[in-house]
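Please work through each task before reading its solution.

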Amino acid sequence: MTEFSVWAPLPDRVRLDVDGTLLDMTPSADGWWRTEVSCRDNARYGFVLDDDETVLPDPRSARQPDGVHGRSQPWRPAPDAWTDAGWAGRSICGAVIYELHTGTFTPEGTFDAAIDKLDHLVELGVDFVELMPVNAFNGTHGWGYDGVLWYAVHEPYGGPDGLIRLIDACHNRGLGVLIDTVFNHLGPSGNYLPRFGPYLSAGHNPWGSSINLSDADADEVRTYVIDCALRWMRDFHADGLRLDAVHALVDTTAIHILEELAAETDALAEELGRPLSLIAESDLNDPRLITPRDRGGYGLTAQWDDDIHHAIHTAVSGERQGYYADFGSLATLAHTLKHGYFHAGTYSSFRHRRHGRPLDTTTIPATRLLAYTVTHDQVGNRAVGDRPSQRLTSGQLAVKAALALGSPYTAMLFMGEEWGSSSPFQFFSSHPEPELARATAEGRKAEFAEHGWDADEIPDPQDPQTFLRSKLNWSEVAEGDHDRLHRTYRRLIALRRNEPDLGDPWLDHMSIDFDEQQRWIILHRGSLSIACNLGTGTVSVPVTGEVVTAWGEPDVGTDTTALPGHSFAILRRDAALPG
């Protein structure tokens with residue numbers, strides 16, 4: 001006998017449909033409905049609410065073989081599915097994370113195809129693979145942030161069995177796995193949760209209705225979120241989660257859901273005997289996210305740091321539009337790298353108000369923040385989805401890599417960055433409903449037209465070519481400057497791992513020199529100096545020593561080193577500078 005259950009406090013009657021047979025379910029006072037039935041292991045089932053004859057998928061469906069509108073299917077891994085018993089896990093702090101989108105990482109766009117590229121990541125030297133959302137969403141391809149069945153795995157990628165094969169293969173190669181999860185909203189197609197219960201609140205965020213985390217009957221919704229999060233780490237052996245846009249999680253209770261989730265994750269890590277990590281994406285610049293719970297924080301492991309991205313990108317590229325307006329100078333870059341946040345209770349011209357709060361760098365190590373030169377957001381949310389590699393020189397890309405990978409922060413790369421991929425990463429979707437497809441395309445064009453873009457230049461997210469253009473071209477890796485950049489990334493990552501001075505997580509131990517007019521900046525970390533020339537002409541920087549690695553041909557003199565335009569050099573000095 002198999003027990004089926006569903007939380008559905010709103011309908012007066014709930015029936016279970018198993019392979020076309022309807023059975024009444026028994027309600028309980030807590031809003032749960034249950035019944036037991038004898039059925040085949042791969043039965044298709046769903047729920048019928050009240051007098052509506054539509055069969056709805058299980059809100060906690062483990063598998064959706066026919067898509068998010070179809071019936072659910074019971075699923076559990078095969079007894080011999082896992083071979084990673086020797087995997088002890090690892091902390092993300094100080095690691096190098098590699099963000100990838102399953103559908104565009106390979107030509108095939110599947111978990112199994114991604115396995116064939118894992119040796120590339122091992123040779124690159126990364127420590128973790130971070131998968132953009134793999135939960136079930138409508139259509140064949142998309143970014144994944146419009147998921148509607150959070151417990152199920154997107155079938156075109158390979159479903160739950162394919163995800164197991166990928167994570168198992170990663171662990172057997174020494175790679176940890178993080179999964180990007182979206183708990184702040186639901187997608188526009190296939191969201192049947194409001195039919196079952198009060199999953200949504202009256203509030204809204206930029207992507208739709210907010211999740212009910214603190215209104216009436218929120219306890220079961222919070223449990224729904226936390227159970228889903230823990231399931232990725234327990235049942236799928238993931239080593240942690242990236243939590244999308246946590247600033248959109250509106251929770252007015254005394255114990256914020258992030259704090260509750262962090263406590264539950266720590267308890268699961270203790271039970272499993274391996275580290276588990278939670279990384280928040282937040283634009284709040286609020287150190288409470290990563291402050292330990294015994295000091296009044298939420299106790300998350302780390303958070304994305306867009307200020308670092310903005311400071312590096314604008315200083316190198318010269319872009320100043322939109323939220324880049326406050327960034328661009330080397331003084332801003334130095335301040336951000338030294339303090340973690342640029343906006344820390346300071347005025348943000350983009351927001352027209354004060355923003356952020358200072359980070360206590362004496363108690364919170366830099367490894368609690370993620371530094372990166374590019375992410376899926378910082379590419380895909382541009383009008384035409386163009387990468388920095390499509391606008392900058394290879395030398396500029398190398399400088400950006402040296403600043404991020406040479407910093408004390410936990411580092412993250414976006415797929416293809418390591419060789420300067422020429423493929424864009426555009427916003428793409430595959431909504432099968434004509435009205436939704438049209439609204440998505442028109443909304444995208446209208447959004448950027450307001451900022452001066454020609455609507456005809458904006459890629460149609462529903463055009464299959466937009467998706468296909470975004471796939472990586474792996475044949476580039478060994479070609480010319482692509483190969484040279486790739487080898488540079490490998491050397492920089494190896495230095496992070498092998499040089500103790502680059503493993504020091506404390507910002508107070510790093511000093512920074514720069515010259516605004518000559519466009520050079522130097523990060524001093526123990527006996528190593530990361531010297532970067534962001535300008536086009538050769539400059540002399542006030543540091544000398546043994547060249548550990550470089551882009552370009554530095555000329556080391558007695559008191560200074562000459563750096564060609566758009567280049568960097570990491571130098572080992574005879575004695576460490578004072579911190």
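**Exercise 1.** State how many salt bridges the structure holds, and determine which parts of the chain the pair Asp19 and Arg40 ties together.

*Solution.* The model is a predicted one, and it holds 29 salt bridges. A pair qualifies when a side-chain nitrogen of Lys or Arg is within 4 Å of a carboxyl oxygen of Asp or Glu. For Asp19 and Arg40 the N to O value is 2.8 Å, and the two side chains form a salt bridge. The next step is to locate each partner. Asp19 is in the loop between β2 (14-18) and β3 (21-24), while Arg40 is in the loop between β5 (32-37) and β6 (45-49); the pair therefore ties together parts that are 21 residues apart in sequence. Finally, consider accessibility: Asp19 has a relative accessible area of 37% and is partly exposed, and Arg40, at 42%, also counts as partly exposed.

**Exercise 2.** Identify the helices linked by the salt bridge of Arg165 with Asp112, and classify both residues by accessibility.

*Solution.* The closest N and O atoms of this salt bridge are 2.9 Å apart. Arg165 belongs to helix α4 (residues 159-172) and Asp112 to helix α2 (residues 111-115); the pair links distant parts of the chain, 53 residues apart. As for accessibility, Arg165 is partly exposed at 39%, and Asp112 is partly exposed at 35%.

**Exercise 3.** Decide whether Glu260 and Arg222 are buried or partly exposed, and explain what their pairing ties together.

*Solution.* The side chains of Glu260 and Arg222 meet in a salt bridge with an N to O value of 2.9 Å. Because Glu260 lies in helix α7 (residues 257-272) and Arg222 in helix α6 (residues 218-234), the pair ties together parts that are 38 residues apart in sequence. The cut-off for buried is under 20% relative accessible area. Arg222, at 6%, is therefore buried, whereas Glu260, at 27%, is partly exposed.

Methods: Residues are numbered from 1 along each chain as its sequence is written. This is a predicted model: local features need pLDDT of at least 70, side-chain atom pairs count only at pLDDT 80 or more; totals for chains, interfaces and linings use all residues. Side-chain values use heavy atoms; hydrogens and water are left out. Helices (H or I, at least four residues) and strands (E, at least two) are DSSP runs, numbered from the N terminus. Buried means under 20% relative accessible area, exposed over 50%, partly exposed in between (1.4 Å probe, protein chains only).
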